[in-house]
Amino acid sequence: MFRLLKYIPFANRFKSAFLNRIEFIVNKIIDSRNIRNTLPYNLELKGKLDPANFPFGIGCSIVIGENSSLCIGENCYVGRYVEIGPTEKISIGDFSSIQDRCVILGDVSIGRYCTFAPNIFISSGMHYYNYFPWMNIKDQDEYVSKTPEARAQHYSRPVIIEDDVWIGVNAVIMKGVKVGKGSVIGSSSVVVKDVPPYSVVAGVPATIIKKRLDFNPPEKIFWENDNDRPYFYEGFLVSNFEIDKYKNERGYAVKQTFAVALGSTNKNKIFIKLKKISESTVYLKYQDKTFLLESDFSLFEFSIHKHPEDLFYFELNSPDAQGTNCMVVVSEVYVV
């Protein structure tokens, strides 16, 4: 009897340790259901992050060096274990989503409404193996990065992903590539050259396998014609949510620089009908001409000078507001 009693304190201690261990395991299981909010990501910030409190996913590695910036738009999502490292600037447009384990490095512009599947790799740079072929690759990399002339020619060639692009799992986008609006990049593709708007590409290297639509800019576009929507090319708020939000304004809303695509062969004038919907003073600029916008629709005329790929870029400026507050509605644009 006395032999048994002397083991009771040990038994109680064993029971207590056992229950504590069970409690620890149960709490870990509960916490894992909210793991995005409880586990940290790595942020090395010496440059600019906008917004400063963006909710990156668990395990992300965000490295923003001096004189570098990462700008993320509204209603964006960045998943788990994503790596982002700007050389000068990486920007992600409104309503774009970056899924798990994507890597985005260098100088990269991502438009609005883009959808990135997991494991995508995008970089505006590369390793150098043939700059001095007899030299180690790492030494060539160091030479290019530290030599002003070589750096200017080779170090970083920006990657541009325009609006409404879907990139499939495991795809690679190489430096200097421009992926046109509305394009689809197939899974495991390696994109080494520019992709025209609304193209579907796949393969290594990626080639066009079909068209999402026949992108042929007309001479006139009007906001109520759904077939004209692709030619309200850049900067327009054209998600279903945004269209419904501004439908009573009778046009597509914009809040910063925007572009339209028009067939302008042998044309010398461009006309644009728009109005401001913000209280701020807003100016519209095209090339060297500027107009003050009113709260009622006005039709403005500009001369056509040299421009690339039938794209016409307009700027919105305000002396008393940030660029994102220069809200304007565009109803129609045409050339003559």
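Modeller: Accessible areas here follow the Shrake-Rupley method with a 1.4 Å probe, and for residues only the protein chains shown count as cover. This is a predicted model, so local features need pLDDT of at least 70 and side-chain atom pairs pLDDT 80 or more, while totals for chains, interfaces and linings use all residues. Residues are numbered from 1 along each chain as its sequence is written, and side-chain values use heavy atoms, with hydrogens and water left out.

Colleague: How much of the accessible surface belongs to carbon and sulfur atoms?

Modeller: The protein's accessible surface comes to about 18,900 Å². Of that, the share belonging to carbon and sulfur atoms is 52%.

Colleague: And what percentage of the residues is buried?

Modeller: Buried means under 20% relative accessible area, exposed over 50%, partly exposed in between (1.4 Å probe, protein chains only). Out of the 336 residues in the protein, the buried ones make up 42%.

Colleague: Are the rings of Tyr198 and Phe215 stacked or edge-to-face?

Modeller: Rings of Phe, Tyr and Trp (its six-membered ring) pair if their centres lie within 6.5 Å; planes under 30 degrees apart are stacked, over 60 edge-to-face, the rest tilted. The structure holds 22 such aromatic pairs. In this one the centres are 5.8 Å apart and the planes sit at 20°, so the pair is stacked.

Colleague: How far apart in sequence are the parts that Tyr198 and Phe215 tie together?

Modeller: Strands (E, at least two residues) and helices (H or I, at least four) are DSSP runs, numbered from the N terminus. Tyr198 is in the loop between β16 and β17, and Phe215 in the loop between β18 and β19. Tyr198 is buried at 5% relative accessible area, whereas Phe215 is partly exposed at 22%. The pair therefore joins parts whose separation is 17 residues.

Colleague: What kind of pair do Trp223 and Tyr252 make?

Modeller: Both are buried, Trp223 at 10% and Tyr252 at 3%. Their ring centres lie 6.3 Å apart with the planes at 80°, so the pair is edge-to-face.

Colleague: Which strand holds Tyr252?

Modeller: Trp223 and Tyr252 both belong to one aromatic cluster, whose members include Phe258 and Phe314. Trp223 is in the loop between β19 and β20, 29 residues away from Tyr252. Tyr252 itself lies in strand β21.

Colleague: Over which ring does the charged end of Lys273 sit?

Modeller: The test is NZ of Lys or CZ of Arg within 6 Å of the ring centre and within 35 degrees of the ring normal. Lys220 lies over the face of Tyr334, 5.6 Å from the ring centre. For Lys273, at 5.9 Å from the centre, the ring is that of Phe297.
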